[in-house]
Amino acid sequence: MLALIAGTGDLPAAILTARRDVYVCAMAGFVPDVPVDRTFRIEQLGTFLAHLKRQGVSEVCFAGAVKRPAIDPAAIDAATLPLVPMIREALARGDDGALRAVIAIFETAGFVVRAAHDLVPQLLPAAGVPSKRRPDAGIMAAAVLGERVLVDLGQRDIGQACVVQAGKLLAYEGPDGTDAMIAAVRTDGGILFKGPKPDQDRRADLPVIGLGTAKAVIAAGLDGIVIQAGGVMVLDLDAVVAALDAADKLLWVRARTQS
């Protein structure tokens with residue numbers, strides 16, 4: 001059985017559409033837009049892992065956005081005490097380091113951690129330009145800069161997206177996420193560039209775009225969206241392309257060129 005550790009956003013629902021035999025779990029304080037079978041607190045993580053085993057769970061997938069929980073030391077139960085050093089290490093790291101530590105906890109407990117795009121391969125579109133609008137010289141130059149910016153952001157474990165024009169960085173993703181970054185931008189031209197961190201463990205927190213992203217890009221006055229091929233999931237690709245086409249905007253699934 002697969003356990004889906006669901007956060008907010010539309011990704012959990014996309015997985016449930018493709019996989020029915022799923023036991024849905026959520027961290028206390030986060031309310032996904034899907035029915036939840038079990039909630040858990042990080043202070044009782046050891047007890048939760050034992051519960052998953054009793055349910056016959058062998059695989060785990062993390063999907064959706066969560067924020068770091070506040071830990072109440074008084075609430076830590078006996079089954080979780082052995083995990084405290086690993087939990088503390090995870091919370092002390094940057095986002096990518098924290099996810100690696102969380103994955104390690106589940107793997108040490110005997111679970112196989114599966115990526116969302118392994119369960120639903122169609123979430124990763126093929127390289128190319130599915131929109132009617134094609135990249136021109138300005139968009140190509142902006143994409144080169146966007147990729148360079150993301151490499152730098154990834155090395156500092158900061159974010160997975162930026163807004164750029166040819167030769168100019170307009171904004172980069174912070175803790176509030178891509179939508180908040182786009183909402184702060186009003187321009188004439190440029191692109192949203194999105195991709196994973198260079199050495200990211202792609203089993204969790206792989207970037208996602210959807211129809212809401214397309215609408216935000218249109219409202220911001222950008223020329224379109226460029227995503228890294230094989231590194232960004234697209235929810236409802238047909239709807240995203242249709243919205244961008246209607247506004248004469250671009251979607252470019254671009255092969256990575258920098259290491």
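Predicted model: local features only at pLDDT ≥ 70, side-chain atom pairs only at ≥ 80, totals over all residues.
Me: Why is H117 called buried?
Reply: Buried means under 20% relative accessible area, exposed means over 50%, and partly exposed is in between (1.4 Å probe, protein chains only). H117 has 14% relative accessibility, so H117 counts as buried.

Me: Where is H117 found, and what does H117 touch?
Reply: H117 is in helix α5, residues 116-119. Helices (H or I, at least four residues) and strands (E, at least two) are DSSP runs, numbered from the N terminus. Not counting residues up to four places away in sequence, H117 touches L124, R202, L206 and M233; contact here means heavy atoms within 4.5 Å.

Me: How do you know that the side chain of H117 is close enough to R202 for a polar contact?
Reply: A polar contact is a pair of N or O atoms within 3.5 Å; within protein, one must be able to donate a hydrogen and the other to accept it, and residues adjacent in sequence count only if both atoms are side-chain atoms. A polar atom of the H117 side chain lies 3.3 Å from the backbone oxygen of R202.

Me: What makes Q160 buried, and which residues does Q160 touch?
Reply: The relative accessible area of Q160 is 8%, so Q160 is buried. Q160 sits in the loop between α6 (137-155) and β6 (161-165). Leaving out residues up to four places away in sequence, Q160 touches a list including L150, E173, F193, K194 and D205.

Me: What makes L83 buried, and where is L83?
Reply: L83 has a relative accessible area of 15%, so L83 is buried. L83 belongs to the loop between β4 and α3. Not counting residues up to four places away in sequence, L83 touches L45, G46, L49 and I105. L83 and Q44 are 39 residues apart in sequence and 9.8 Å apart in space, C-alpha to C-alpha.

Me: How do you know that the buried residues of α3 line one face?
Reply: In α3 (residues 84-92), V84, I87 and A90 are buried. Seen down the axis of α3, these buried residues fall within an arc of 125 degrees, so they line one face of the helix. The arc is that of the directions from the helix axis to the C-beta atoms. The exposed residues P85, R88 and A92 are on the face turned away from the buried side.

Me: Why are β3 and β5 called edges of the sheet?
Reply: The open sheet has 5 strands in the order β3-β2-β1-β4-β5, with parallel pairing. β3 (38-40) and β5 (112-113) each have a single partner strand, so one side of each is left without a neighbour in the sheet.

Me: What makes β1 a partner of both β2 and β4?
Reply: Two strands pair if DSSP finds at least two bridges between them. There are 4 bridges joining β1 to β2, and 5 bridges joining β1 (residues 2-6) to β4 (residues 59-63). L2 has V22 in β2 as its bridge partner, while A6 stands opposite A63 in β4.

Me: How do you know that β2 is covered on both faces?
Reply: In β2, 6 of its 6 residues are buried. V22, V24 and A26 are on one side, and Y23, C25 and M27 are on the other.

Me: What makes a set of residues a nonpolar core, and which elements contribute?
Reply: A nonpolar core is a set of buried Ala, Val, Leu, Ile, Met, Phe, Trp, Tyr and Cys residues joined through side-chain atoms within 4.5 Å. The largest has 24 residues, and L45, L52 and F106 have the most contacts inside it. Elements giving two or more residues to this core are β1, β2 (22-27), α2 (45-54), β4 and α4 (95-108). α2 gives the most, with 4 residues.

Me: How do you know that C25 and C61 are in no disulfide?
Reply: A disulfide is a pair of cysteine sulfur atoms within 2.5 Å. The nearest cysteine sulfur to that of C25 belongs to C61, 12 Å away, and C25 is in no disulfide. C61 is likewise in no disulfide, and the structure holds 0 disulfides.

Conventions: Residues numbered from 1 in each chain as written. Heavy atoms only, no water.
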